[in-house]
Amino acid sequence: MGSKRKRFKKKLPNPAVEETPTPNRLPPLTFQALISAIEAPQGLKVPILKRIYALVVPLSLQEPIDWSNAEGSCNYFGNELKLEHLQCLIHCLFKKLDKRLKFLFSALSNASANRAHKHTDSDKDMPVDVDELTLLLRCCVSLSMVDPSLVMENTQFLLSVLGKLIALVISGCSEKESVSFRKSISCECTYTDAGETYVSEDFVASLCFLQPSNLWHPVLCALLEIFADELLMRRLLRKYFVAVDSASCTNERLFNNFVKSDIGSVLEVISVHFILSVYDEPASENFLKRLYLQYSKHFRAPELSLTAALPLLLNPIMLSAPKMLQTHFILLVSEAIDIDTSLKNARPDLRNMDCYLTAFERSVVLYTSHMSSSLMDHHPLGVSCSHANSWMLGSHHPSFESCIQQGTREKICNRVTHLGSLRQLTKSGMMAASTAYINENQHIFNESCKDDILSVLHSIIHGASSSDANHNVFYRKGDTNPEDIYLLASILKLMSSSLLKVIWCLRNGGNSGYPQTLKDASSLKEYDFVVGIIGCFIQFNLSLPNQKFLSDMMKTCPMIHKTSKWILLHFLGLLSLSFASGIDFLVKGCISIIMAILNLCAFEEGDIVALRSFLGAGSQSVSSELPADKVTQAVKKQKSIRKVASKFQKTQNVYLR
């Protein structure tokens, strides 16, 4: 898969490998031990790869070591790191990766042949350890630039791997056809005083590809995600990739290098990933299931990290991408946030709080921008004044289409047209699906107020589904672009996923041993940041019946949910329009964000007694016209009871520790 590598014949000692290394605690002879473990008869295993990755990531993120002044060794977290050991480790890992990839494409070829003979895909047809392969690729990318003498050789190897993946997806050929991918690049690199790089070349790689079966989509997607993630994280890697790619003939380049931005390499990989995700009818169905908040049995959490992906969310070039590709990328970020969505006892990482806050902030910017550009003047959910796009004014950036290859652009357009129109359901069908969705996800609520939240949710859904909003439907077949609805649903998913994580971290960030509320919090910095973000929802109109009723009721208790009520009221309206439009996945998206908002309300007050009383009054007022002052009295009484119960619970927790 690349040029031949120097073989190291020196045998290294075989000390035991016991502990997982960390940057501050590395056992002696780490590199020798790892090399011996790699070459052991039992072969490369995931635990060893995790140890290697933990060890080499800090090395790859620091400035390259000047080995000429280091006399062949240096101090690495208190241990001696020798150049020969490092080079040996690099050689071993790249050799293993080369072997695994050849096996992968061979197995892929066999899968295509089986498909031609009507064999059905099954897990046993995929003899590749995906976790092992993805970790191995990450280790190789991390080590590709730590030794300047091997940079070009490593880059051309990795670029050839990426080229094979791209050619496989873009060619889209049947099992009776094959595509030969040739790549010419050079090992000669020259640096000028201006920092530019010139590469000339004679490396050639050639390989034939066959159409992948559906079972292999997750494997290939994972490999593309790793390339996208590493390229986003490492600007120097992008520069090397572009430099080596630029040395090829124009018609053989992977990237559009005519645009003066190295982000084009990332956009090309993400575009190919999107094409693979909607490659055929089954893949397209899985793509749409992600909007329905459903996943196939072969679903894998994305390899794209939050840290890498977040800056691209509001990148002006990315915002000019086709809407379905934007939808795909936003869903990827949401899934990166919600990796453990299927685990009911999952706990977010408190160290990622800044990422969750950033994701939520950017989801709100995306939402307000999308709504202000999509809704007509005087729409019930329209904005009275919008500055959503002011942050882009005066900026000049290349378009998305100018940053990717023409063949990729054509393939994207072709696949988007095959995604089909929106499916519309009856209100009864959506009610049943909504109830099932809430029941499946009630584990996200705190036990102390779960019953109240569920009661509020069912009241909200009943009110939204029976609201008279038919003349203001959000989607009309033939008049509304379905891509706008898909994009909106993905933004709602990002908003709900990030806000849920933020609220969980706020509730569990203290040292008290039990969930906190706002009055218990030692710091209000993060909460104030959230309030600052959601304050923008005050600009949206409140014209629908369910919005106006709850708004009037909440005026009786003006100090409760002073800011959070605006985002709740807005999404009550959107939920009504989604029911009226018959769009199931948009209804679920609204419910998911309302569930997150109710969690926020519970954090603010310690419960949602007030909201439950308001909405309960709504169901009674139709027949009995319950006065507002009676509602206020009921709220105060219930909150007093809850306050006593809460104090008792906290005292009990202290003595039961």
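## Salt bridges, core and helices in a predicted model

Glu447 and Lys450 form a salt bridge, with their closest N and O atoms 3.0 Å apart; a salt bridge here is a side-chain nitrogen of Lys or Arg within 4 Å of a carboxyl oxygen of Asp or Glu. Glu447 is exposed, at a relative accessible area of 62%, whereas Lys450 is buried, at 13%. Buried stands for under 20% relative accessible area, exposed for over 50%, and partly exposed for what lies in between, computed with a 1.4 Å probe on protein chains only.

This is a predicted model, in which local features need pLDDT of at least 70 and side-chain atom pairs count only at pLDDT 80 or more, while totals for chains, interfaces and linings use all residues. Residues are numbered from 1 along each chain as its sequence is written, and side-chain values use heavy atoms, with hydrogens and water left out.

The protein chain has 24 helices and six strands. These elements are DSSP runs numbered from the N terminus, with helices being H or I over at least four residues and strands being E over at least two. Of the 657 residues in the protein chain, 53% are buried. Among contacts between residues at least 6 apart in sequence, 80% join residues at least 24 apart, a contact being heavy atoms within 4.5 Å.

The salt bridges number 13 under the rule above. Side chains of opposite charge can pair when their charged atoms come close. One of these bridges joins the side chains of Arg138 and Glu230, at 2.8 Å from N to O. Arg138 belongs to helix α5 (residues 130–143) and Glu230 to helix α7 (residues 217–233), so this pair ties together parts that are 92 residues apart in sequence. Both Arg138 and Glu230 are buried. Arg138 also forms a salt bridge with Glu303, where the closest N and O atoms are 3.7 Å apart. That pair links distant parts of the chain, 165 residues apart, since Glu303 sits in the loop between α10 (281–291) and α11 (306–313) and Arg138 in helix α5. Glu303 is buried, as is Arg138. A network of salt bridges links Arg138, Asp229, Glu230, Arg234 and Glu303.

Val151 is buried, with a relative accessible area of 4%. Apart from residues up to four places away in sequence, Val151 touches Ser144, Met145 and Tyr240. Val151 and Tyr240 are 89 residues apart in sequence, and their C-alpha atoms are 8.4 Å apart in space.

The largest nonpolar core has 196 residues, and those with the most contacts inside it are Leu93, Tyr367 and Phe571. Helix α22 (residues 584–605) gives the most to this core, with 15 residues. A nonpolar core is a set of buried Ala, Val, Leu, Ile, Met, Phe, Trp, Tyr and Cys residues joined through side-chain atoms within 4.5 Å. Leaving aside residues up to four places away in sequence, Phe571 touches Tyr367, Leu492, Met495, Phe537, Ile593, Ile594 and Ile597.

Helix α21 (564–581) is among the elements that cover the buried residues of α16, as are α17 (450–466) and α22. In α21, 17 of the 18 residues are buried, so this helix is largely enclosed by the rest of the structure. Its end C-alpha atoms are 26 Å apart, which agrees with the 26 Å that 18 residues should span at 1.5 Å a residue; the expected span is 1.5 Å times one less than the number of residues. Gly582 follows α21 and has a positive phi, near 75°.

Helix α16 (residues 427–440) has 14 residues and reaches 20 Å from its first C-alpha to its last, close to the 20 Å expected. Which residues of α16 are buried? They are Met430, Ala433, Ser434, Tyr437 and Ile438. These residues cover an arc of only 135° around the axis, which puts them on the same side of α16, the arc being that of the directions from the helix axis to the C-beta atoms. An α-helix has 3.6 residues a turn, so residues three or four places apart point the same way. Ser428 and Glu440, on the other side of α16, are exposed.

The count of disulfides is zero, a disulfide being a pair of cysteine sulfur atoms within 2.5 Å. Cys413 is partly exposed, with a relative accessible area of 47%, and Cys536 is partly exposed, with 23%.
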